[in-house]
Amino acid sequence: MKSDHGLSEAGYDKIIEWARSILPEGNRLKENFYAAKSIMKPLGLGYQKIDICSNFCMLYYLENAEMTECMTCGHSCYKPRTDRGKTIVAYKKFRYFPITPRLQRLFMSLRTTEYMTWHQAHHAVDGVMVHPSDGEVWKRFNNVHPHFSAESRNVRLGLCTDGFNPF
C-alpha cells in the first residue's frame, strides 16, 4: 500500500496504528514501517543506493564515489546545503538490486525450482512457441555454449530498461 499509493512513512505508521487497534491482543503485526522493513532484511533482498548525475551522465560509484561533480557535464552531484541540513543529499539516486540473492531464493523453494528448470524438461511442439526456449535464439545459444546449456539450473537473463537511461 505504501509504494502503490505514495504514502509517507508517517502515513503508513498511522494506518498500522489503526489496524493494530482493531486487531486482538497479541497480534503479530509490526508496529511501524521501520519494524516491518526490518523483517525483510534477513531475506537478503536489500539494495544498494548509488548517487547518479542529475543528467544521467555517470554513476558516483567505486573509483568515482568521492567525486562531487560530473566529469561529463560538470553538474554538482549534491544539492546545496541549508543551514539546517548537516548531511549531503544527492540530486538523484539509483537503487541497485543484486540479482544473485534473488535467484538463490528462487531455487530455495521446490515449487519455484520446478519453474526455474522447466525449460529443460518441457517438450516443444514444432512451429509452436510456448516459451523462449522454443525460439531460434535459445537453440542457437545452446549449440554455441553446450557446457552452459547442459546444466538446467543455469539462468538466462534479458534486459529491459523500460525507458530508463543506464548511461
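This note goes through the sheet, the salt bridges, the loops and a surface patch of the structure, point by point.

1. Basis of the model. The model is predicted, with local features taken only at pLDDT of at least 70 and side-chain atom pairs only at pLDDT 80 or more, whereas totals for chains, interfaces and linings use all residues. Residues are numbered from 1 along each chain as its sequence is written, and side-chain values use heavy atoms, with hydrogens and water left out.

2. The sheet. Three strands form an open sheet in the order β2-β1-β3, with antiparallel pairing, where strands are DSSP runs of E with at least two residues, helices are runs of H or I with at least four residues, and both are numbered from the N terminus. Strands β2 and β3 stand at the edges with a single partner strand each, so one side of each has no neighbour in the sheet. Two strands are taken as paired if DSSP finds at least two bridges between them; β1 and β2 are joined by 2 bridges, and β1 and β3 pair over 5 bridges. As background, the strands of a sheet pair through backbone hydrogen bonds, either parallel or antiparallel.

3. Aspartate 51 within the sheet. Aspartate 51 has a bridge partner on either hand, namely tyrosine 60 in β2 and lysine 93 in β3. Aspartate 51 counts as buried at 13% relative accessibility, where buried means under 20% relative accessible area, exposed means over 50%, and partly exposed lies in between (1.4 Å probe, protein chains only).

4. Salt bridges. How many salt bridges does a search of the whole structure find? The search returns 2, a salt bridge being a side-chain nitrogen of Lys or Arg within 4 Å of a carboxyl oxygen of Asp or Glu. One of them joins the side chains of lysine 93 and aspartate 51, at 2.8 Å from N to O. Lysine 93 belongs to strand β3 (residues 92-96) and aspartate 51 to strand β1 (residues 48-52), so this pair ties together parts that are 42 residues apart in sequence. Lysine 93 is partly exposed, with a relative accessible area of 38%. Another salt bridge is formed by the side chains of glutamate 151 and arginine 153, also given as 2.8 Å from N to O; here glutamate 151 is partly exposed at 30% relative accessibility, while arginine 153 is exposed at 52%.

5. The hairpin of β1 and β2 has 6 residues between the strands, and within it phenylalanine 56 takes a positive phi near 60°. Phenylalanine 56 is partly exposed, with a relative accessible area of 30%, and its C-alpha lies 9.5 Å from that of cysteine 70, which is 14 residues away in sequence. Serine 54 is placed in the loop between β1 and β2 and counts as buried at 17% relative accessibility. The side chain of serine 54 makes a polar contact with the side chain of histidine 75 at 3.1 Å, a polar contact being a pair of N or O atoms within 3.5 Å, of which, within protein, one must be able to donate a hydrogen and the other to accept it, with residues adjacent in sequence counting only if both atoms are side-chain atoms. Leaving aside residues up to four places away in sequence, serine 54 touches His75, Tyr91 and Lys92, where contact means heavy atoms within 4.5 Å.

6. The loop between β2 and β3. Aspartate 83 is found in this loop, between β2 and β3, and is exposed, with a relative accessible area of 83%.

7. Serine 133. Is serine 133 buried or exposed? Serine 133, in the loop between α6 (118-121) and α7 (136-144), is buried, with a relative accessible area of 8%. Its side chain makes a polar contact with the side chain of histidine 131 at 2.8 Å, and, not counting residues up to four places away in sequence, serine 133 touches His119, His122, Trp138 and Lys139.

8. A nonpolar surface patch. Trp18, Ile22, Leu23 and Leu29 form a nonpolar patch on the surface, with about 400 Å² of accessible area together. Leucine 23 is in the loop between α2 (9-22) and α3 (33-38) and is partly exposed at 37% relative accessibility. Patches are made of residues with over 30% relative accessible area and no salt bridge, joining like charges within 9 Å and nonpolar side chains (Val, Leu, Ile, Met, Phe, Trp, Tyr) within 5 Å; the areas come from the Shrake-Rupley method with a 1.4 Å probe, and for residues only the protein chains shown count as cover.
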